[in-house]
Amino acid sequence: MPTFARTVLAPITVEVSSGAVARLPELLADSRISSGGRVAIALGPGLGETIADQLDHLPDAVVHTVKAGTLDSAKDLTRRLRDDHVDALVGIGGGKLLDTAKWAASDLGLPMVSVATSLAHDGLASPTASLERDGASVSYGVHPPLAVLADLDFIRKAPAIQLQSGIGDALTNLSAVADWQLSHQVNGEPVDGLAAAIARTGAEAVLRHPGTIEDDAFLATLADALIQGGLASSMAGSSRPCSGGCHEIAHALEALHPGLASHGAEGALGALICTWLRGDEALFAELSAALKRHGLPRTASELGLTTAELATAVAYAPRTRPGRYTILEHRELDSVALERHLTEMMHELD
């Protein structure tokens, strides 16, 4: 009887530890990415200068300092890399830097190694790059990293707001998977069970971990969850395992009230709202407790809005991702009904 198996596009190497940057030469050689260490390294300004001082163990590397986060900066990095004649591109930094490096590596067909120094979202391992173009954030499909490292020596020093954003981004997977399953029940949309399980498992580990961003054990769990989210998206061929009504709400808030909070924090509030609308009381209680424990907003006032303003954003949210069926489309609530639901939700939180 024949045996069937899927081919999964996954990183060759994943390492979450202290001193990951120092082990780059070993990883590059052992993974057959670059036996001679002839790689290009993309760094951001600021922290990048500190990291550059620690790259003596890669004497043949070509270092590029990148003002990351825009499509223009990614194209500029591509142009500079054309003459480097390197085996791979190593991006070392936060989410914007890694997204910029992923886009440039994909454009040139270069293997890319992702080294995270912060944990703001699941971009360290995902098949997408979010870059600013003409003043708007646009998500581009890219080849996922060939190897992923998360260096706890740098991550534990990252600003709390970035780590809180990563926590929020990881937790949204719980709501996103529930929305995916809802669409399957209502519309017959196929669900990749393995991708859904991987995304949900990482999120549940963060949800129930008793630690905080002060603990290396918790940071390692968070890094694992964000890597699992990126892997789940690669397996599914879409962002479905990690993005549902929760992220629609975050995008709506960014469009209507820019600058209130990080995308991950707004997405986590979106997940709380969607879970309430779904009527999942057990998950709502756990999610609410986790957001409170990690200092993430749970109410309109904590976000700096009135309940009516938040309700208007939630009503607007489905327009940010037309065609994606979530609990928001399923309930078809207008802003008045949503304001009533949000008021009830906030009374429950009290």
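At what angle do H9 and helix H10 pack, and how far apart are their axes? I started there, working on a predicted model.

**Entry 1: H9 and H10**

I looked up the pair and found an angle of about 125°, with the axes 7 Å apart. H10 covers residues 263–278. Angles from 65 to 115 degrees count as roughly perpendicular and those over 145 as roughly antiparallel. H9 is therefore oblique to H10. I noted a right-handed crossing of H9 past H10.

Next I listed the contact. From H9 come Gly245, Cys246, His247, Ile249, Ala250, His251, Leu253 and Glu254. They meet His263, Glu266, Gly267, Gly270, Ala271, Ile273 and Cys274 in H10. I sorted these residues into 7 nonpolar, 6 polar and 2 charged.

**Entry 2: H9 and H13**

I stayed with H9, residues 245–256, and turned to H13, residues 307–316. This pair packs at about 120°, and the axes lie 8 Å apart. That again makes the helices oblique, H9 to H13. The crossing is right-handed.

Which residues of H9 meet H13? I found Ile249, Ala252, Leu253, Ala255 and Leu256. Their partners in H13 are Leu310, Thr312, Ala313, Val314 and Tyr316.

**Entry 3: H3 and H4**

I moved to H3 (residues 71–81) and H4 (residues 95–108). Their packing angle is about 50°, with 8 Å between the axes. H3 and H4 are therefore oblique to each other. I recorded their crossing as right-handed.

The H3 side consists of Leu71, Ser73, Ala74, Lys75, Leu77, Thr78 and Leu81. The H4 side consists of Thr100, Ala101, Trp103, Ala104, Asp107 and Leu108. By class I have 8 nonpolar, 3 polar and 2 charged residues.

**Entry 4: Cavity search**

How many cavities of 30 Å³ or more does a search of the whole structure find? I got 1. The largest cavity holds about 50 Å³ of space.

I then wrote down its lining: Gly93, Gly94, Gly95, Leu98, Ala116, Ser118, Ala120, His121, Gly123 and Leu124. By class the lining has 4 nonpolar and 6 polar residues, and no charged ones. Gly is counted as polar here. Gly95 and Leu98 are part of the lining, and H4 spans residues 95–108.

Definitions and conventions
Residues are numbered from 1 along each chain as its sequence is written. This is a predicted model: local features need pLDDT of at least 70, side-chain atom pairs count only at pLDDT 80 or more; totals for chains, interfaces and linings use all residues. Side-chain values use heavy atoms; hydrogens and water are left out. Axes are lines fitted to C-alpha atoms, for helices over the stretch in contact, and angles run from 0 to 180 degrees between N-to-C directions. Helices (H or I, at least four residues) and strands (E, at least two) are DSSP runs, numbered from the N terminus. Angles under 35 degrees count as roughly parallel, over 145 as roughly antiparallel, 65 to 115 as roughly perpendicular and the rest as oblique. A crossing is left-handed if the near helix is turned anticlockwise from the far one by less than a right angle, and right-handed if clockwise. Contact means heavy atoms within 4.5 Å. On a 1 Å grid over the protein atoms alone, a cavity is a set of points where a 1.4 Å probe fits but cannot get out, and a pocket is an open set with protein on both sides within 12 Å along at least five of seven lines; lining residues have an atom within 4 Å of a point. Grid points are joined across faces, edges and corners, and a volume is the space filled by probe spheres set on the points.
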